[in-house]
Amino acid sequence: MAPSPQDPAAAAPRRKVSRHRGEGQWAAGHHTPLNGNEQFKKDDDGLNVRTRIETIYSKRGFDSIDPNDLRGRMRWWGLYTQRKPGIDGGKTAVLEPEELDDKYFMLRVRIDGGRLTTAQLRVIGEVSQEFARGTADITDRQNIQLHWIRIEDVPEIWRRLEDVGLSTTEACGDTPRVILGSPVAGIAEDEIIDGTPAIEEIQRRVIGNKAFSNLPRKFKSAISGSPLLDVAHEINDIALVGVEHPEHGPGFDLWVGGGLSTNPKIGVRLGAWVPLGEVADVHEGVISIFRDYGYRRLRNRARLKFLVADWGPEKFRQVLEDEYLGRKLLDGPAPEQPVERWRDHVGVHRQRDGRFYVGFAPRVGRVDGATLAKIAAVAEEHGSGRVRTTTEQKMIVLDVEGDQVDSLVAGLEALDLRVSPSPFRRGTMACTGIEFCKLAIVETKARGSALIDELERRLPEFEEPITINLNGCPNACARIQVADIGLKGQLVVDEDGNQVEGYQVHLGGALGLEAGFGRKVRGLKVTSKELPDYVERVLRRFEAERADGERFAAWAARASEEALS
């Protein structure tokens, strides 16, 4: 019988009963999309958008692009809309995406292992000059990013890049991103093992493979056999670093679950030794765990680091072995502490074949298309056909004969590319910042470059290795938490009570086997205008108070708040 109007059951509104559907893990049977990102990925694989770009959007223009393609699937091909000019940082979090979008794109060229021929570098330079208003940034993930790209030009850009073996496939999106590799793989005198064959096999198996093109979030990989640990292995989803097994010889130590952003975590060792021939199998196993068990309900918990933190290394290794590899991994040693403080390969170094490689430092990774073409020309003039990008926004010319080194160095220095840079030029890194990035709150590239000039002028005798990383927002693309001086962009109040661009300061972060996150002093924020004064003040106190041989990170950990302010 239906309830009467006086029945409380009729008068009270019915409360919707919601059922917790877990974390959206496919392995638990949770295939129903739990947010908009998961829905558009289920509706159509991101890799399929290329056909629409080539046949529809490039012909009909920006306004013809479907919103789920524009702010979603186009990332699978390295395309992000860039920030509309003139929008200040205070509006970043309050405007709708369509209000922030410019009708131009950032295009990311993926460079696995940082490996480039001079012919490839020249083509990137030409594309930059013809289609990107001359822009080019070397990233801390060994890629090169271009800006001001029109959708109408994308098919032609792809044609030119692919004609020389380059790609933008899965350079962005919820995909296996670029595979970091030692930029001196196969040539360094002190190399433990060359990871290049593994990187090539992973590329063949994984990149562009629809079995791995719908991950919970991005997936970052790093492989290096260098004793310098030169791929920031501690902050990747998976990393394999060179070690010497006492019984089985050279191989790789396996790490998983690293990452920064707003919830940073250092990766953990699984205690497993992996021979070169099994690296691609292990990589495929780890990425498959992420695909199947990764959290898809909330985007801010969808990185592998959260699953690793919940499971712990023992369970993760067991699942990898039992469910994905079908065999046990050998136990192995941890990598040794690097001898060198710098891991960027800047300077002149002998190769194992008797020739030399020459590493150099642009300003905060910013170059331009004309400069890239000139680097290719200078390298070729001195007998080299190979260049490399590094994870520190630097570049390297390989295979230089001894009698060509000095003239090569002179040619690079003439382009303002320093082979013997100051610690400030060498150690300052910056993300894209508010100039192009829709997430940014403050300027980074120009400010980082100006900071270098000021510190070189004010502290010309300073020689200690120091890293100064500037980020335009909290997402840590420039690795602020693991820098000696990490600067997270935000709006701050100046002495006159005005809201201006500034930075929250992190002090004493580090990578290496003593990896850790920087210290935040309560209330310590600086305006952009005050930044040179602040950094100079802290570095002078460090020089005055440090113990013999003490690193900045160690000093910052023990220094008083007054000394750090």
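**Exercise 1. Find which residues Tyr357 touches, leaving out residues up to four places away in sequence.**

Solution. Tyr357 touches Val184, Ile187, His345, Gly347, Val348, His349, Arg350, Gln351, Ile396, Val397 and Leu398. Contact here means heavy atoms within 4.5 Å. The model is predicted: local features need pLDDT of at least 70, side-chain atom pairs count only at pLDDT 80 or more, and totals for chains, interfaces and linings use all residues. Residues are numbered from 1 along each chain as its sequence is written, and side-chain values use heavy atoms, with hydrogens and water left out.

Tyr357 lies in strand 13. Strands (E, at least two residues) and helices (H or I, at least four) are DSSP runs, numbered from the N terminus.

Val184 and Tyr357 are 173 residues apart along the chain, yet their C-alpha atoms are separated by 8.3 Å.

Now the side chain. Tyr357 makes a side-chain polar contact with the side chain of His345 (3.5 Å). A polar contact is a pair of N or O atoms within 3.5 Å; within protein, one must be able to donate a hydrogen and the other to accept it, and residues adjacent in sequence count only if both atoms are side-chain atoms.

Last, the surface. Tyr357 has a relative accessible area of 5%, so Tyr357 is buried. Buried means under 20% relative accessible area, exposed over 50%, partly exposed in between (1.4 Å probe, protein chains only).

**Exercise 2. Locate Gln351 and decide: buried or exposed?**

Solution. Start with the location. Gln351 sits in the loop between strand 12 (347-350) and strand 13 (356-360). Its relative accessible area is 0%, so Gln351 is buried. Next, list the contacts. Not counting residues up to four places away in sequence, Gln351 touches Ile187, Glu189, Phe356, Tyr357, Leu398 and Asp399. Finally, the side chains of Gln351 and Asp353 make a polar contact (3.1 Å).

**Exercise 3. Sort residues of helix 2 by burial.**

Solution. Helix 2 covers residues 36-43. Glu38, Phe40 and Lys41 are buried there. They cover an arc of only 165° around the axis, so they lie on the same side of helix 2. The arc is that of the directions from the helix axis to the C-beta atoms. Gly36 and Lys42, on the other side, are exposed. Now find the partner. The buried residues of helix 2 pack against helix 4 (67-70). Finish at the N-terminal end. Asn35 caps it, with a side-chain oxygen 3.1 Å from the backbone nitrogen of Asn37.

**Exercise 4. Describe how helix 6 and helix 12 pack.**

Solution. Two packed helices are described by the angle between their axes and the distance between the axes. The axes of helix 6 (residues 118-131) and helix 12 (residues 369-381) come within 7 Å and cross at roughly 160°. Therefore helix 6 is roughly antiparallel to helix 12. Angles under 35 degrees count as roughly parallel, over 145 as roughly antiparallel, 65 to 115 as roughly perpendicular and the rest as oblique. Axes are lines fitted to C-alpha atoms, for helices over the stretch in contact, and angles run from 0 to 180 degrees between N-to-C directions. Contacting residues include Leu121 and Ile124 of helix 6 and Leu372 and Ile375 of helix 12.

**Exercise 5. Check the surroundings of Leu564.**

Solution. Leu564 lies in helix 18 (residues 561-564). It counts as buried, at 0% relative accessibility. Beyond its neighbours within four places in sequence, its contacts include Leu507, Tyr534 and Trp555. Leu564 and Tyr534 are 30 residues apart in sequence and 9.1 Å apart in space, C-alpha to C-alpha.
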